[in-house]
Amino acid sequence: MLVDNDKLKQAKEAIANQTPDLIAELLNLEQYDSRNHKALCPYHVEDTPSFVWDAKRLRYKCFGCNRTADIVDAYVETGLTFLEACEKVFELAGMSYSFGERGVKR
């Protein structure tokens with residue numbers, strides 16, 4: 001396993017306060033309400049914002065199409081690989097993390 005889920009969760013929790021706005025920027029959320037952390041869902045067409053931040057799970061959830069997106073998902077959607085996205089999260093959290101045998105072919 002290249003990424004320890006518990007460590008990744010700790011990193012996500014460390015940046016929890018900035019994550020809703022960061023995801024909104026990364027996904028270019030339309031009609032974004034920064035106070036209530038909700039916007040139009042980027043995954044389907046809608047007129048009323050249903051993409052809402054879930055502070056307990058540290059992700060957005062759409063109540064229209066049921067899609068979710070956390071900070072790693074948002075970075076992956078911008079073109080980063082999963083590992084690059086995790087690196088970015090650890091970096092933002094100020095946590096060092098070793099990815100072990102990254103890039104080694106088996």
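**Note on salt bridges and the sheet**

1. Lysine 88 has a relative accessible area of 30%, which makes it partly exposed. In this predicted model, its side chain meets that of glutamate 91 in a salt bridge, with an N to O distance of 3.8 Å. Glutamate 91 counts as exposed, at 55% relative accessibility. Both residues belong to helix α4 (residues 82–93), where a spacing of 3 residues puts about one helical turn between them.

2. The whole structure holds 4 salt bridges. One of them joins aspartate 70 and lysine 12, at 2.5 Å from N to O. Lysine 12 is in helix α1 (residues 5–14) and aspartate 70 is in the loop between β4 and α3 (71–77), so this pair ties together parts that lie 58 residues apart in sequence. Aspartate 70 and lysine 12 are both buried.

3. A further salt bridge links arginine 67 to glutamate 77, with 3.7 Å between the closest N and O atoms. Since arginine 67 sits in the loop between β3 and β4 and glutamate 77 in helix α3, the contact ties together parts 10 residues apart in sequence. Arginine 67 is partly exposed, at 40% relative accessible area; glutamate 77 is also partly exposed, at 43%.

4. The 4 strands of an open sheet follow the order β1-β2-β3-β4 and pair antiparallel. β1 (38–39) and β4 (68–69) are the edge strands; each has a single partner, so one side of each lacks a neighbour in the sheet.

5. Between β2 (residues 51–54) and β3 (residues 59–62), which run antiparallel, there are 4 bridges. Tryptophan 53 has tyrosine 60 in β3 as its bridge partner.

Methods:
Residues numbered from 1 in each chain as written. Predicted model: local features only at pLDDT ≥ 70, side-chain atom pairs only at ≥ 80, totals over all residues. Heavy atoms only, no water. Pairing = 2+ DSSP bridges. Helix = DSSP H or I, 4+ residues; strand = E, 2+ residues; numbered from the N terminus. Buried < 20%, exposed > 50% of the residue type's maximum accessible area, 1.4 Å probe, protein only.
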